[in-house]
Amino acid sequence: VPSVLALVDNGDLVGEGANRLKAKPNEFKQNVNIFYECKNEMGIKKTYHKAPEGYKSAKDISSHLLKFLYRSALTDLPVPVDRVVVTVPASFGLAQRNDTLNAAKDAGINVKSGDLLDEPIAAFIDYLARNYESFNLKSKIDSKLLVFDFGGGTCDIAVFMLNPLGKSLEISKLSVSRYHRLGGGDIDRAILYDEIIPQIIEQNDIGEFSNAYRDKKDFVEPSLIVASR
């Protein structure tokens, strides 16, 4: 589910449907009625002053996304929930983690500080569940693991120590990258400006500087960014 939220006539639209509305820059303006890549703004005091109430910060947007995911999960599997775990970038600091906890609270989800799971660890647990036979948990030899977690909003590189304990596995974090401003959106824009736009200019015999920066940013980028994914 892409972390994109759009405000439409019949309420919030979350996910791929909202993501495709980026291609309509005349109707949907970032941080006004469509919101994406907000994870990088968690934990700071930036506000979306043109957005309606309840959508004025990254924490607000995170709350709506968490509520959507929570309700969708219960729709797919309507069972009692005893505990909710929310994943966060390993590079998130205290302010960003507190914003995540408050976003979950605003969404009506009971999440405690110990229920925030670093995304590289979550990625490894998922990989382990899918490739269980390739791991010898009965081995008593500690080993180091590097997880490269490149997501839509952030990039984490983490080094763990794996300590097999019979049928269980202890995971100790040794080192984590502290740069969270790199993600899939940055790659999308690199593909757009370094590959797609130059090809359009060449194939249509357009002057390289015919379009001003704001034209590219406000109209060309929203219209073509989905094609870069």
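This is a predicted model: local features need pLDDT of at least 70, side-chain atom pairs count only at pLDDT 80 or more; totals for chains, interfaces and linings use all residues.
Local features require pLDDT of at least 70 and side-chain atom pairs count only at pLDDT 80 or more, whereas totals for chains, interfaces and linings use all residues. Residues are numbered from 1 along each chain as its sequence is written, and side-chain values use heavy atoms, with hydrogens and water left out.

The structure contains 11 salt bridges, each defined as a side-chain nitrogen of Lys or Arg within 4 Å of a carboxyl oxygen of Asp or Glu. One of these joins Glu 37 to Arg 189, with the closest N and O atoms 3.0 Å apart. Because Glu 37 is located in the loop between β3 (34-36) and α2 (58-76) and Arg 189 in helix α5 (residues 184-203), the pair ties together parts that are 152 residues apart in sequence. Helices (H or I, at least four residues) and strands (E, at least two) are DSSP runs, numbered from the N terminus. Glu 37 is partly exposed, at 27% relative accessibility; buried denotes under 20% relative accessible area, exposed over 50%, and partly exposed in between (1.4 Å probe, protein chains only). Glu 37 and Arg 189 also belong to a network of salt bridges that includes Asp 186.

A salt bridge is likewise formed by Lys 59 and Asp 106, at 2.7 Å from N to O. Lys 59 belongs to helix α2 and Asp 106 to helix α3 (residues 94-106), so this pair ties together parts 47 residues apart in sequence. Asp 106 is partly exposed, at 42% relative accessibility.

In the salt bridge between Asp 118 and Lys 173, the closest N and O atoms are 2.7 Å apart. Distant parts of the chain are linked by this pair, with Asp 118 in strand β5 (residues 116-118) and Lys 173 in strand β8 (residues 168-176), 55 residues apart. Asp 118 is buried, with a relative accessible area of 8%, whereas Lys 173 is partly exposed at 41%.
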